Amino acid sequence: MPVLDFLNPVKGFGVTFREMFKKVDTVMYPEDKRPTAPRFHGHHQLNRWPDGLEKCIGCELCAWACPADAIYVEGRDNTPEERYSPGERYGHVYQINYLRCILCGLCIEACPTRALTMTNEYELADDDREKLIWTKEQLLVPLLETMEAPPHAMRLGKDEKDYYRLGGAGVSPTGRAPGMSGPGGPSGPAVPATATDEDVPGQDEVKPGGEQATYSGQEAEL
Ligand code: SF4
Ligand code: SF4
């Protein structure tokens, strides 16, 4: 038996003594809330286009991708009178069950329109199981001042191509958008189909690909 073996039990306390004199890193949660890492997976959100229409097209790809079977989606058809998203369909019922969700992010990878993204918000605990099944109303981002609550027509640019181009650049609705009272709208002055942007008052604000304001919390790119 080596001579110094009798010191082994004392050596075992070395780590304990070292830690005792280090600065304590205890956070007084919930009074003190530290910001998370930028890519931290918190709860989900359903995003909107800049005119307020929903990005979700009710395709259910997120639900199929989910390994925990935590998402339930029921899609419905949009109609010209009742449009909630720019596509053919929209998510009529959308639920995420946070009793099942493991916050892995596979659903947001599967979403083709970037309708579904994740926030950094981690406060998901509750003492009521029912409250942990979040509905579409809880998940949808609130309307900004420049947005209009669906259902309504697509309000960006003059055709569908314009809509996605301008919407992707974060452009606000303009006077020419159908259904509005500005030029080109049903109650505004007519705009000929051959009109260029320079002919239309207010259209100079629209600069696809140029510097445009994007909205905090909204996904600007497809
Ligand atoms: S984060 Fe993962 S577990 Fe949670 S809903 Fe999405 S795919 Fe399912
Ligand atoms: S959130 Fe995305 S993947 Fe899920 S139903 Fe809507 S569009 Fe499809």
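Let's start with Arg114: this residue is partly exposed, because 15 other C-beta atoms sit within 10 Å. A quick word on that term: a residue is buried if 20 or more other C-beta atoms lie within 10 Å of its own, exposed if 12 or fewer, and partly exposed in between, with the C-beta atoms placed from the backbone. Arg114 belongs to the loop between helix H4 (106-110) and strand S4 (116-118). When I say helix or strand, I mean DSSP runs numbered from the N terminus: H or I over at least four residues for helices, E over at least two for strands. Arg114 has a phi near 55 degrees, a positive value in a residue other than glycine.

Before going on, please keep in mind that this is a predicted model: local features need pLDDT of at least 70, side-chain atom pairs count only at pLDDT 80 or more, and totals for chains, interfaces and linings use all residues. Residues are numbered from 1 along each chain as its sequence is written, while chains are lettered from A and ligands numbered from 1 in the order in which they are written.

Now, back to the backbone. Most residues other than glycine have a negative phi, and most peptide bonds are trans. Glu60 is another residue with a positive phi, about 75 degrees, although it is not a glycine. You will find Glu60 in the loop between S1 and helix H3 (61-65). Is Glu60 buried or partly exposed? Glu60 counts as partly exposed, because it has 17 C-beta neighbours inside 10 Å.

There are cis peptide bonds to look at as well. One joins Tyr29 and Pro30, with omega about 10 degrees. Pro30 lies in the loop between helix H2 (14-20) and strand S1 (44-46). Another cis bond runs from Pro150 to Pro151, with omega near 5 degrees, and Pro151 has its place in the loop between helix H5 (136-139) and helix H6 (160-168).

Let's step back to the whole chain. How many helices and strands does the secondary structure come to? The count is 6 helices and 5 strands. Along the sequence, the pattern reads α-α-β-α-β-β-α-β-β-α-α. Of the 222 residues, 24% count as buried.

Next, the sheet. Three strands form an open sheet in the order S2-S3-S5, with antiparallel pairing; two strands pair if DSSP finds at least two bridges between them. Strand S2 (71-77) and strand S5 (133-135) are the edge strands, each pairing on one side only. On average, neighbouring strands here are turned by 20 degrees against each other, direction ignored. For that angle, axes are lines fitted to C-alpha atoms, for helices over the stretch in contact, and angles run from 0 to 180 degrees between N-to-C directions. Strand S3 (residues 89-97) is joined to S5 by 3 bridges, and the two run antiparallel.

On to the ligands. Around ligand 1 there are 13 residues, and the closest are Cys66, Cys101, Cys104, Leu106 and Cys107. Here a residue is near a molecule or strand if its C-beta atom, placed from the backbone, lies within 6 Å of it. That shell divides into 12 nonpolar, 1 polar and no charged residues. In this scheme Ala, Val, Leu, Ile, Met, Phe, Trp, Tyr, Cys and Pro count as nonpolar, Asp, Glu, Lys and Arg as charged, and the others, Gly among them, as polar.

An unreviewed UniProt entry lists Cys56, Cys59, Cys62 and Cys111 under "binding site". These residues are spread over 56 residues of sequence, yet they cluster in space, with a largest C-alpha distance of 10.4 Å. UniProt positions are given in the numbering used here, feature names are shortened, and annotations may be inferred rather than shown by experiment.

Finally, two of those cysteines. Cys62 is in helix H3 and counts as buried, because it has 24 C-beta neighbours inside 10 Å. Cys59 is in the loop between S1 and H3 and is partly exposed, with 19 other C-beta atoms within 10 Å. Leaving aside neighbours within four places in sequence, Cys59 is in contact (C-beta atoms, placed from the backbone, within 7 Å) with Gly75 and Pro112.

Notes
Two residues are in contact if their C-beta atoms, placed from the backbone, lie within 7 Å.
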